[in-house]
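Good morning, colleagues. Please take a moment to look at the sequence and the structure before I comment on them.

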Amino acid sequence: AGDDPMVYNLWKEGYSVTTIDLVPTAVEAMRKQFQEGSWTEAVDEKGTTTTWTHDSGRATLYVGDALQSRPELNNKFDAVYDKDSFGALNVEMRNGYCSRIAEYCKSGAKIYLEVKLKDNHEQVKDVGPPFSLKKDQLMEESNYGTNFEYVESLGSVYDITIPSAQQTGHVLEKK
């Protein structure tokens, strides 16, 4: 979630949005973008997740582990925007993350996924985070390949400050 303007801009256009971020300060930065309305805070019984709900009923921000099961989100989403969360995960965490995203997506849902691609990919693909990723790693059966089809590579989507790297975009669709 962080301070990325995409979530607020979608909300402003009338869409319902939900975010999950592990870092409370990132979610606080997201909340500050919403100048209109107010927020209600709730903490789950285990104390592991804080949920902020906007009084519009169209914005919900979770502070917690993205790998944690949240049955209320199962089969809820038509679209997912992943701004480099996958690329920050160690290899052993990726399968759980992709399975969780698959649980949350409706059939036919689209994922817009951004990841880093470093110029010397083959030499550094296992060095990170951020990890250097291509379609092949994204679509491994242990990652998105089990539940999603690869739709399109968007190539470099905007300039970043990391030398010798690109921010690349990929579109996937839930089977």
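Predicted model: local features only at pLDDT ≥ 70, side-chain atom pairs only at ≥ 80, totals over all residues.

How do the residues of the lining of the largest pocket divide into nonpolar, polar and charged? They divide into 27 nonpolar, 10 polar and 12 charged residues.

The volume of the largest pocket is about 1300 Å³. Its lining comprises 49 residues, and those closest to the centre are Thr-18, Thr-19, Ile-20, Val-80 and Tyr-81. Several elements each give two or more residues to this lining: α1 (5-12), β1 (17-21), β4 (59-63), β5, α3 (85-88), α4 and β6 (105-118). Which element provides the largest share of the lining? That element is β5, with seven residues.

A pair of aromatic rings is described by the distance of the centres and the angle of the planes. For Phe-77 and Tyr-104, the centres are 6.5 Å apart and the planes stand at 65 degrees; an angle over 60 degrees counts as edge-to-face, and therefore this pair is edge-to-face.

Elsewhere, ring pairs join Tyr-8, Trp-11, Phe-34 and Trp-39 into a cluster.

The charged end of Arg-31 sits over the ring of Trp-52, at 3.6 Å from the ring centre. In a second case, the charged end of Arg-94 sits over the ring of Phe-131, and here the distance to the ring centre is 5.0 Å.

I turn now to the cysteines. A disulfide is a covalent bond between the sulfur atoms of two cysteines. How many disulfides does the structure hold? The number is zero. Cys-98 is in no disulfide, and the nearest cysteine sulfur to its own, that of Cys-105, is 11 Å away. A disulfide would need the two sulfur atoms within 2.5 Å, so the separation of 11 Å rules one out for Cys-98. Cys-105 likewise is in no disulfide, its nearest cysteine sulfur being that of Cys-98. As for accessibility, Cys-98 has a relative accessibility of 1% and therefore counts as buried, the limit being under 20%. Cys-105 is buried as well, with a relative accessible area of 1%.

Next, the backbone. Where do cis peptide bonds occur? One joins Gly-128 and Pro-129, with omega about 5 degrees. Another joins Pro-129 and Pro-130, with omega about -5 degrees. Pro-129 lies in the loop between α5 (121-124) and α6 (135-138), and Pro-130 is placed in the loop between α5 and α6.

Asp-84 is not a glycine, yet its phi is positive, at about 75 degrees. This residue is in the loop between β5 and α3. Asp-84 has 12% relative accessibility, and because buried means under 20%, it counts as buried. Ser-164, also a residue other than glycine, has a positive phi near 60 degrees. Ser-164 is in the loop between β7 (148-158) and β8 (165-174). Is Ser-164 buried, partly exposed or exposed? At 46% relative accessibility, Ser-164 counts as partly exposed.

I close with two distances between C-alpha atoms. Thr-40 and Thr-53 are 13 residues apart in sequence and 5.2 Å apart in space. Thr-40 is placed in strand β2 and is exposed, with a relative accessible area of 53%. The other distance concerns Glu-36 and Val-124, which are 88 residues apart along the chain and whose C-alpha atoms are separated by 44 Å. Glu-36 is in the loop between α2 (24-33) and β2 (39-43), and this residue is partly exposed, with a relative accessible area of 36%.

Technical notes
Residues numbered from 1 in each chain as written. Heavy atoms only, no water. Phe/Tyr/Trp six-rings, centres within 6.5 Å; stacked < 30°, edge-to-face > 60°. Lys NZ or Arg CZ within 6 Å of the ring centre and 35° of its normal. 1 Å grid on protein atoms, 1.4 Å probe; cavity = no way out; pocket = protein on both sides within 12 Å on 5 of 7 lines; lining within 4 Å. Points joined across faces, edges and corners; volume = space filled by probe spheres on them. Helix = DSSP H or I, 4+ residues; strand = E, 2+ residues; numbered from the N terminus. Nonpolar A, V, L, I, M, F, W, Y, C, P; charged D, E, K, R; others polar. Buried < 20%, exposed > 50% of the residue type's maximum accessible area, 1.4 Å probe, protein only.
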